Amino acid sequence: MVYACIRCGATEDLDRLLYTCPSCGGLLRVRDENFEALRDRGGDEWRRVFDLRRAVGVEALQGIFCFHELVLPHVPLEDVVYLGEGHTPLVRANPELADWVGAEFFVKNDGQNPSASFKDRGMASAISFLNHYLRTRRPGTVLGICASTGDTSAAAALYLSYLPKAAVRSAVLLPRGRVTPQQLSQPLGSGARVIEVPGVFDDCMRLVEELADRYEVFLLNSKNPVRINGQKSFAFEVAQQLGWAVEDATVAVPIGNAGNVTAILEGFWDLRRLGVTDGLPRILGVQSEHADPVARWRSTGRYEPVRVRPSVAQAAMIGNPVSFPKVRQLVEEEYRDRFTCVSVTEQEILDTMLHVNRHGHVVCTQGGEAVAGLRKALAQGLIPATGRFVCDSTSHQLKFAGFQEAYFAGTLDPEYEVEPRPELVNRPVALEASAEAVAEHLGLRPRKAGRRPNVL
Ligand SMILES: Cc1ncc(COP(=O)(O)O)c(C=O)c1O
Ligand SMILES: [Zn+2]
């Protein structure tokens with residue numbers, strides 16, 4: 001495997017830590033030079049291999065390395081770090097919710113990963129890579145570092161904490177006051193050095209990029225192409241869960257720094273090239289109107305970074321996505337009209353999150369954003385109304401509980417431009433500890449005299 005520059009095409013060995021092209025500074029992709037040879041096995045054979053691995057419990061193949069050859073064949077299975085990531089469920093929307101959205105659909109709940117977000121996928125590949133690097137190169141102590149809107153640092157700190165303390169230290173940079181208390185508690189709990197700086201995510205990103213340029217660190221942002229390879233597993237799993245037929249499928253993905261959507265685009269493209277799937281699904285990128293450079297590019301044809309305004313989809317509040325050049329390349333060369341974008345209002349994001357969670361799901365604000373995007377794209381006819389639909393809920397509801405609380409309490413900052421809808425607001429009621437008081441509050445009718453009580 002090699003690092004391949006997406007700008008000038010230069011390649012570099014994978015036995016170094018690299019994040020940008022040493023010749024031109026362009027973004028890197030991790031490429032398997034033997035990918036063509038994998039095609040010899042044929043789509044049928046690969047489907048059988050992946051399905052078999054899914055059924056048998058070999059430790060290193062349990063998570064994203066079920067797709068070892070497509071994720072990182074460079075890392076032998078003995079170096080794989082598995083903390084329970086991947087194989088997250090596709091949860092079918094019930095008929096009421098499907099009606100409301102305008103089509104039957106599934107939520108793929110990536111909040112069911114160990115640090116409760118999809119970031120664990122890429123972190124499992126990056127940390128397995130680092131584990132292999134440590135064993136084979138013995139470089140002394142390595143500092144793993146990342147900038148984060150909350151979830152990357154939670155995942156990085158968790159996975160780094162699994163490696164030997166003598167070999168690895170961890171540090172994360174967060175925009176002060178711009179991550180939720182739950183997300184802040186995660187890297188603290190994993191023992192990382194947590195550094196809060198003024199500004200937004202983009203400011204933290206500039207800082208770690210400078211650190212990675214000037215100092216010996218292991219950068220754990222999605223600019224690190226090894227992370228993208230692990231994140232591709234989302235696409236592999238969706239394809240497997242849909243029975244390896246994806247051409248009729250639309251996958252709605254929230255876009256922030258565009259690392260996740262890049263990985264998903266690449267992952268489905270890999271399966272297509274291997275003959276594992278019949279074609280490419282449609283990808284529906286969803287952004288908040290408060291941070292929508294990719295959606296603007298898609299509708300105007302021009303890309304310009306935007307100045308972000310506060311968004312409840314806080315983890316995707318990014319004005320200049322680092323991985324945008326990769327998205328552009330994949331869309332222009334492979335996906336073309338199978339990549340659609342839509343932007344949604346802050347009101348739509350929170351209302352949708354609350355509505356979806358009242359129907360048996362546990363989506364985060366970004367998951368709410370994905371479903372809101374699907375609903376809007378269907379209503380506006382931006383995508384065909386037939387076929388199967390999957391929404392990526394990138395993290396767990398509980399990470400963003402503060403937004404729900406502020407919505408219910410009516411204390412959301414006006415800059416979010418969200419008015420709570422009374423029918424979605426839910427507050428606890430304090431009652432005295434008596435059956436009569438509870439029954440009266442709930443409007444229960446007394447049981448008729450003489451009837452035997454139900455025993456459950
Ligand atoms: C929960 C959640 N959803 C969505 C995103 C956006 O993903 P990306 O930045 O890869 O586009 C992030 C990124 O931090 C996230 O944490
Ligand atoms: Zn280059």
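**Exercise 1. The zinc site**

Does Cys 24 count as buried, partly exposed or exposed, and at what relative accessibility? Then describe the site of the zinc ion (ligand 2).

*Solution.* The structure is a predicted model.

Step 1. Buried means under 20% relative accessible area and exposed means over 50%. Cys 24 has a relative accessibility of 27%, so it counts as partly exposed. Cys 8, at 43%, is likewise partly exposed.

**Exercise 2. The open sheet**

Determine the strand order of the open sheet of 6 strands, and follow the pairing of β5 with β4 and with β13.

*Solution.* 

Step 1. The order is β4-β5-β13-β10-β11-β12, and the pairing is mixed. At the edges stand β4 (90-92) and β12 (339-344), each of which pairs on one side only. On average, neighbouring strands are turned by 25 degrees against each other, direction ignored.

Step 2. Between β4 and β5 there are 3 bridges in the antiparallel sense; Val 91 has Val 107 in β5 as its bridge partner. Between β5 and β13 (residues 388-393) there are 4 bridges, and these strands run parallel. Here Phe 106 stands opposite Val 390 in β13.

Step 3. In a regular strand, side chains alternate between the two faces of the sheet. In β5 (residues 106-109), Phe 106 and Lys 108 lie on one side and Val 107 and Asn 109 on the other; all are buried, and both faces of the strand are covered.

Step 4. Gly 285 has Cys 341 in β12 as its bridge partner. Helix α12 (residues 293-300) packs on the sheet and touches β11 and β12, its direction making about 125 degrees with that of β12.

**Exercise 3. The nonpolar cores**

Identify the residues with the most contacts inside the largest nonpolar core, and examine the surroundings of Phe 268.

*Solution.* 

Step 1. The largest nonpolar core has 100 residues, and Leu 130, Phe 268, Ile 283 and Phe 339 have the most contacts inside it. Helix α5 (residues 119-137) supplies the largest share, 8 residues. A second, separate core of 39 residues includes Ala 103, Leu 284, Ile 349 and Ala 372.

Step 2. Phe 268 lies in helix α11 (residues 259-274). Its relative accessible area is 1%, so Phe 268 is buried.

Step 3. Beyond its neighbours within four places in sequence, Phe 268 has contacts that include Ala 235, Val 246, Leu 280, Ile 283 and Tyr 335.

**Exercise 4. A buried glutamine**

Classify Gln 347 by its relative accessibility and list its contacts.

*Solution.* 

Step 1. Gln 347 is part of helix α14 (residues 346-357).

Step 2. With a relative accessibility of 16%, Gln 347 counts as buried.

Step 3. Leaving aside neighbours within four places in sequence, Gln 347 is in contact with Tyr 407, Glu 417, Val 418, Glu 419 and Arg 421.

Note on methods
Residues are numbered from 1 along each chain as its sequence is written. Chains are lettered from A and ligands numbered from 1 in the order in which they are written. This is a predicted model: local features need pLDDT of at least 70, side-chain atom pairs count only at pLDDT 80 or more; totals for chains, interfaces and linings use all residues. Side-chain values use heavy atoms; hydrogens and water are left out. Two strands pair if DSSP finds at least two bridges between them. Helices (H or I, at least four residues) and strands (E, at least two) are DSSP runs, numbered from the N terminus. Axes are lines fitted to C-alpha atoms, for helices over the stretch in contact, and angles run from 0 to 180 degrees between N-to-C directions. Contact means heavy atoms within 4.5 Å. Donors are N, O and S atoms within 2.8 Å of the metal (3.2 Å for Na, K and Ca); water is not among the atoms, so sites may look incomplete. Buried means under 20% relative accessible area, exposed over 50%, partly exposed in between (1.4 Å probe, protein chains only). A nonpolar core is a set of buried Ala, Val, Leu, Ile, Met, Phe, Trp, Tyr and Cys residues joined through side-chain atoms within 4.5 Å.
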